[in-house]
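Dear colleague,

I am passing on the structure we spoke about, which you will find just below. After it I have set out what turned up when I went through it, and I would be glad if you read the two side by side.

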Amino acid sequence: MKNSSKLLALGLVLFLGACSLSAEDEGFLGKVKGKTAYSNATTQDDTSKIGVFSADGKEFDPAIGETVKFDGTTDANTAKYAVTVSGTELVYTITTADGKTGSVKAGSRELKAWLK
């Protein structure tokens, strides 16, 4: 019985660890949470809006298209956001080193971005 309890506790710890975000994921999300991405450094209004990040950074709502969900980081400055529409997965690659500038890539189109 003692071994069963220990195995159950170990399984729970491993499961919870697998479900949590990595430090890299948390770092990236911290840079983008609650921000809006614009395609123009000086004119930051609806005419240059690329999209908006949710308060926790786990969703990106592009000005045109479906809301995409955080799918993980590829490095400390780059994350993938994805959504499946009509059986086709759409992936956005979003990059920022400082939470102020970066890029948003969807398919073959990449836009320089300013985050505010």
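Strand S1 (residues 36-38) and S8 run antiparallel and are joined by two bridges, where strands are said to pair if DSSP finds at least two bridges between them. Within this pairing, Ala-37 has Leu-115 of S8 as its bridge partner. Helices (H or I, at least four residues) and strands (E, at least two) are DSSP runs, numbered from the N terminus.

Before going further, a word on the source: this is a predicted model, in which local features need pLDDT of at least 70 and side-chain atom pairs count only at pLDDT 80 or more, while totals for chains, interfaces and linings use all residues. Residues are numbered from 1 along each chain as its sequence is written, and side-chain values use heavy atoms, with hydrogens and water left out.

As to the overall layout, the protein has two helices and eight strands, and from the N terminus on these elements run α-α-β-β-β-β-β-β-β-β. Of its 116 residues, 29% count as buried, where buried means under 20% relative accessible area, exposed means over 50%, and partly exposed lies in between (1.4 Å probe, protein chains only). The accessible surface of the protein comes to about 7300 Å², and 55% of this belongs to carbon and sulfur atoms; these areas come from the Shrake-Rupley method with a 1.4 Å probe, and for residues only the protein chains shown count as cover.

S8 also pairs with S7 in the antiparallel sense, over six bridges. In that pairing Ser-103 has Lys-112 of S8 as its bridge partner, and Val-104 has Leu-111. S7 and S8 form a hairpin with two residues between them, and Gly-107 in the turn has a positive phi of about 65°. On the S6 side, S6 and S7 pair in the antiparallel sense over four bridges, with Thr-93 opposite Lys-105 in S7. S6 and S7 likewise form a hairpin, here with five residues between them, and Gly-99 in the turn has a positive phi of about 75°.

Thr-96 lies in the loop between S6 and strand S7 (101-106), and at 1% relative accessibility this residue counts as buried. Its side chain makes a polar contact with the side chain of Asp-98 (3.5 Å), and a polar atom of the Thr-96 side chain lies 2.6 Å from the backbone oxygen of Thr-101. A polar contact here is a pair of N or O atoms within 3.5 Å; within protein, one must be able to donate a hydrogen and the other to accept it, and residues adjacent in sequence count only if both atoms are side-chain atoms. Not counting residues up to four places away in sequence, Thr-96 touches several residues, including Phe-28, Lys-31 and Val-32, where contact means heavy atoms within 4.5 Å.

H2 is followed by Gly-34, which has a positive phi near 75°.

The largest nonpolar core has 17 residues, of which Phe-28, Phe-53, Phe-60, Tyr-81, Tyr-92, Ile-94 and Val-104 touch the most other members; such a core is a set of buried Ala, Val, Leu, Ile, Met, Phe, Trp, Tyr and Cys residues joined through side-chain atoms within 4.5 Å. Among the elements that give two or more residues to this core are helix H2 (23-32), strand S2 (49-53) and strand S8 (109-115). Leaving aside neighbours within four places in sequence, Phe-53 is in contact with residues including Val-32, Phe-60, Tyr-81, Ile-94 and Leu-115.

Ser-54 lies in the loop between S2 and strand S3 (59-62), and its side chain reaches the backbone nitrogen of Lys-58 at 3.3 Å.

Finally, Ser-86, in the loop between S5 and S6, has a phi near 50°, a positive value in a residue other than glycine. Ser-86 is exposed, with a relative accessible area of 77%.

With best regards
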